[in-house]
Amino acid sequence: MIKTTQEPQTAWRMCMTLEEKAGMSTLFEPVTLGPLQLPNRVVMAPMSRYRSPEGVPGEDIARYYRRRIEGGVSLIITEGSWVPHPGASDQPNAPRFYGDDALAGWKRVLDEVHAAGGKIMPQLMHRGQTEEGPGGRGARRVGPSGMFGSLGVPLKQVDEPATLRDIEDVIDSFAIAAQSAHQMGFDGIALHGGHGYIIDQFFWSATNLRTDEYGGDIAGRTRFACDLVREVRRRTAPDFPIMMRLSQWKLHDYSARLAQTPQELEAYLLPLVDAGVDIFDFSQRRFWEGEFGTDMNIAGWARKLSGRPSMTVGSVSLTNDMFDSFMGNASNVADNLAELERRLDRGDFDLVAVGRALIADPDWPRKVANGANADIVPFQPAALKELV
């Protein structure tokens, strides 16, 4: 079990430069989460870049991640990488976490990040049921009930529900990828259980209409994720950190909710804790928006209800959210870090994931630590076209 502790001064004195310049703000305090020792709480959020031809990350990807560690990030969560299942992806330039060529590319990334003094976890993902037609490599797309919806496309059934053999195969593919990460020396793994990907499809009642042991009530809908986490744990190690990303909203419905009440959220989280999840990464569009009628955000609720460390994300130091930016609108630097610090000081969450701000400016942590917010490079959609 991962617990949050503060490092004694003698253990992290070598990491003090950044923290001293930040005046020891909570954001730049060191933190220990089980075996994961971090010099500060700034994490690079997983963001797809589609710069890995045929799924193989190259030297430019290794430089890209190393540059963020050199800029002051403590932990990298890589962009989503596809597990070795035929229906996982049909994106040729998204990285995969299987095959000798792709794993060699990831080993280069790992070595660069470690050489710069950072930590890194690959985010493992599977798209699940998407639009009609064959998936990656011509394979049948797999989802709990064959339901699909996307931005502007309402939910509908487009395929047959996954068989029990399909479910076993998908779980096996995640476990194989996790085992590779552990053997290669990564500092943990991150499982994508949000945003309508396959784990989230099993979680949500609107996409999981099953009546067997993998459907029905919340206990049934969490079984797939729990079985997956247990198998990952079995093939890695008892102290290998497992992070899971969750989300309330869906790509085709921003107002959708995985859990309507704290009691429902607790019913999702506690089985995952029992299965072996160490850290919850709760995605939201704006970190300052509260949940369940309170001013505490969903990452705060996850920490409170689960007893596990949590990570927040969502428009940190930016004026608009991710989807507005991706529609072509620039995002100026926002003065919302004081509110972030207030929530950190209150103990709402342990880690802060920074996304678009780090795409635009790899030195974001050092500039914030030095109080040089005016020097931060604002995010522009054009930044997505290159690896800085």
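Visitor: Which residues have the most contacts inside the largest nonpolar core?
Guide: The model is predicted: local features need pLDDT of at least 70, side-chain atom pairs count only at pLDDT 80 or more, and totals for chains, interfaces and linings use all residues. Residues are numbered from 1 along each chain as its sequence is written, and side-chain values use heavy atoms, leaving out hydrogens and water. A nonpolar core is a set of buried Ala, Val, Leu, Ile, Met, Phe, Trp, Tyr and Cys residues joined through side-chain atoms within 4.5 Å. The largest has 93 residues, and those with the most contacts are Phe224, Met244 and Trp364.

Visitor: Which element gives this core its largest share?
Guide: Helices (H or I, at least four residues) and strands (E, at least two) are DSSP runs, numbered from the N terminus. Eight residues form the largest share, and they come from helix 5.

Visitor: How many residues does the second, separate core have?
Guide: This core includes Leu33, Leu38, Val43 and Ile77. Its residue count is 16.

Visitor: What does Trp364 touch, beyond residues up to four places away in sequence?
Guide: Contact means heavy atoms within 4.5 Å. By that test, Trp364 touches Leu27, Val42, Val316, Ser317, Leu337, Val354, Ala357, Leu358 and Ile376.

Visitor: What share of the 388 residues counts as buried?
Guide: Buried means under 20% relative accessible area, exposed over 50%, and partly exposed in between (1.4 Å probe, protein chains only). The protein chain has 13 helices and 13 strands. Its buried share is 59%.

Visitor: Is Phe202 buried or exposed?
Guide: Phe202 belongs to helix 6 (residues 198–203). Beyond four places in sequence, its contacts include Pro144, Ile167, Tyr214 and Phe224. Its relative accessibility is 1%, so Phe202 is buried.

Visitor: How far apart are the C-alpha atoms of Phe202 and Thr222?
Guide: Along the chain, these two are 20 residues apart. The C-alpha separation is 7.0 Å.

Visitor: At what angle do helix 8 and helix 9 pack?
Guide: Axes are lines fitted to C-alpha atoms, for helices over the stretch in contact, and angles run from 0 to 180 degrees between N-to-C directions. The axes of helix 8 (residues 262–275) and helix 9 (residues 298–306) lie 9 Å apart. The angle is about 60°.

Visitor: Which residue is 7.0 Å from Pro262, C-alpha to C-alpha?
Guide: Pro262 sits in helix 8. Leaving aside neighbours within four places in sequence, Pro262 contacts Phe292, Trp301 and Leu305. The residue at 7.0 Å is 30 places away in sequence: Phe292.

Visitor: Is Glu54 buried or exposed?
Guide: Glu54 has a positive phi of about 55°, although it is not a glycine. It lies in the loop between strand 4 (42–44) and helix 3 (59–70). Its relative accessible area is 60%, so Glu54 is exposed.

Visitor: And Ser315: buried or exposed?
Guide: Phi of Ser315 is also positive, near 60°. Ser315 is in the loop between strand 12 (310–312) and helix 10 (322–326). Its relative accessibility is 6%, so Ser315 counts as buried.
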